[in-house]
Amino acid sequence: MTKKQLQQHRALKREIEELDKKILQEQKKEISVTQEKVKASMKDFPYIEIYNAEQAYISRKLINEYQKRKLKAEKETLEIETFISSISDAEIRLMFQYSFIDGMKQREIAERLHMERSNISKKITEILQLSQKSVLY
């Protein structure tokens, strides 16, 4: 896991929320309906609704694209959260949680964990380097 990937977590969460809104908005969108005169019909169905097929196709296509992007973003956030959860040292795990998931500044993390600010950066860099080496071997 790289620092750049970890820094994407909050943006990915926002993207998921936005995609949820877009999907819902697209699902609620009214597709224009034309009512045509029917020469003969059943008592329960006095008219036929004809949907604009092109509009419905575009709407379905958009929903599918939004759902693909959402799934990809959810997968990436899960990978980040799994990586952070796999850190065995509780203090370092909290550093990663505060920094990459909660978006706290190093100064705030240092105050909360009663450490020097420079130690936060050093430990994060050290863990990331170790994780890169373990992936290579």
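**Charged pairs and ring pairs**

A: K21 is exposed, with a relative accessible area of 52%. The scale runs as follows: buried is under 20% relative accessible area, exposed is over 50%, and partly exposed lies in between (1.4 Å probe, protein chains only). This is a predicted model, in which local features need pLDDT of at least 70 and side-chain atom pairs count only at pLDDT 80 or more, while totals for chains, interfaces and linings use all residues. Residues are numbered from 1 along each chain as its sequence is written, and side-chain values use heavy atoms, leaving out hydrogens and water.

K21 has a salt-bridge partner, E18, with the closest N and O atoms 3.8 Å apart. The criterion is a side-chain nitrogen of Lys or Arg within 4 Å of a carboxyl oxygen of Asp or Glu. E18 is partly exposed, at 41%. Both residues sit in helix 2 (residues 9–28), three residues apart, about one turn of the helix. Helices (H or I, at least four residues) and strands (E, at least two) are DSSP runs, numbered from the N terminus.

The whole structure holds seven salt bridges. Another of them joins E74 and K70, at 3.9 Å from N to O. These two are four residues apart in helix 3, so about one helical turn separates them. E74 is partly exposed, at 32%. In helix 5 (residues 106–113), R107 and E111 are likewise four residues apart, about one helical turn. Their closest N and O atoms are 3.7 Å apart in a salt bridge. R107 is partly exposed, at 48%. Shared partners join the salt bridges of D20, K70 and E74 into one network.

Now the rings. There are two aromatic pairs. F83 and F96 are edge-to-face, 6.0 Å centre to centre with 65° between the planes. Rings of Phe, Tyr and Trp (its six-membered ring) pair if their centres lie within 6.5 Å; planes under 30 degrees apart are stacked, over 60 edge-to-face, the rest tilted. This pair links distant parts of the chain: F83 is in helix 3 (residues 53–85), F96 in helix 4 (residues 90–101), 13 residues apart. F83 and F96 are both buried. F96 also pairs with F100: the centres are 5.6 Å apart and the planes at 45°, so this pair is tilted. F100 is buried too. F96 and F100 lie four residues apart in helix 4, about one helical turn. Together, F83, F96 and F100 form a cluster linked by ring pairs.
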